[in-house]
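Here's a quick tour of how the inside of this protein is packed. Have a look at the model first, then go through the notes below.

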Amino acid sequence: MQQHPELASVSPQWQPMAGGSSNRLYSSVADSLVLRVNAAPEQVPGVDRRREADVLAQLQGQPWAPWVLHCAVQPSAADDHGWLLTRWHGESPVSELTRAQRAQLRDAVAAWQALELDVEGQEKSMAMDYDALLAGYGAQLVGLPMERALQQLVVRAARELALLPEIPRVLTHHDLHPGNLCLNEDTLVVVDWEYAALGCAWFDAAALIQRCGMKAEDIAALPAFATIDATQLADGLMRARWLCEALECLWYWARGLAGTDRKMADLMRDTLRLFKQPELTAED
């Protein structure tokens, strides 16, 4: 993406923003701008900055997508990991989503699942490689105190992923939660697309239920789930909810807790809880 012409006359006064466990965020209230300074790759396992830029470029003009003014993905120095400049889209909801906001979010997810992204010649780079993601976690876990148990968690995650009911591969956000939603007057805008890719919509579905207050019937109405029945939906949501929690735990173990508000005792407790949850068989 090229720099937006309107930036030529702007000299923002940047102020640090709260939130974000890896990237550094700044705002310029007077200019209605938000700047994200990208974290180093080891701090954001699974992120592909080029893929994010490609996705954002194709989302421009959608009412639920962030308005991108400039996306720099080519580093200019060893400690430069790129940056993203967007319009300010409002604050995140401070309480549970209202019925109207949930409806807006459901419609937004349905819209991006139905998008036909231009992936000609870059099918591989636009897709999330979950096997590679899990293998990367496995490599980053080597030498940790709970390595043996965590490697077992990686293996189980691969099994659960393989047993998810088959659905079409569609654009998937992979990090849906209220903190990544903004209210621009009455319009809901979904931000933080750094993990977005063509992928498995089960991850977004689980997040919509666990973190956004939606129900199974909302998921059933989404385009990605049009070909499965109620039994497959229930099975997939159960597996996907476990997978989302497992991948979040592995993410924290892989990158460390520096710069986050997580405590090691809480991470260990959550990890042990995941181990205790019985594993579903294919017949279940």
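**Buried rings and the core**

Trp-64 is buried, with a relative accessible area of 7%. Keep in mind that this is a predicted model. A search of the whole structure turns up 6 aromatic pairs, and a couple of them are worth a walk-through.

**The Trp-64 end**
- Trp-64 pairs with Trp-193 in a tilted arrangement, 6.1 Å centre to centre with 35° between the planes.
- That pair ties together distant bits of chain, 129 residues apart: Trp-64 is in the loop between helix H1 and strand S4, and Trp-193 is in the loop between strands S8 and S9.
- Trp-193 is buried too, at a relative accessible area of 1%.
- Ring pairs join Trp-64, Trp-112 and Trp-193 into a cluster.

**The Trp-202 end**
- Trp-202 has a relative accessible area of 0%, and Phe-225 comes in at 2%.
- Beyond its sequence neighbours, Phe-225 also touches residues including Gln-113, Ile-167 and Leu-233.

**Nonpolar cores**
- The largest nonpolar core has 80 residues, with Trp-112, Trp-193, Trp-202 and Phe-225 among those making the most contacts inside it.
- Helix H8 gives the most to this core, 14 residues.
- A second, separate core has 5 residues, including Leu-33 and Leu-69.

**Charges over rings**
- The charged end of Arg-87 sits over the Trp-67 ring, 5.5 Å from its centre.
- Arg-262 does likewise over the ring of Tyr-252, at 4.7 Å.

Terms used:
Residues numbered from 1 in each chain as written. Predicted model: local features only at pLDDT ≥ 70, side-chain atom pairs only at ≥ 80, totals over all residues. Heavy atoms only, no water. Core = buried A, V, L, I, M, F, W, Y, C linked by side-chain atoms within 4.5 Å. Buried < 20%, exposed > 50% of the residue type's maximum accessible area, 1.4 Å probe, protein only. Helix = DSSP H or I, 4+ residues; strand = E, 2+ residues; numbered from the N terminus. Contact = heavy atoms within 4.5 Å. Phe/Tyr/Trp six-rings, centres within 6.5 Å; stacked < 30°, edge-to-face > 60°. Lys NZ or Arg CZ within 6 Å of the ring centre and 35° of its normal. Lists of a residue's contacts leave out its neighbours within four places in sequence.
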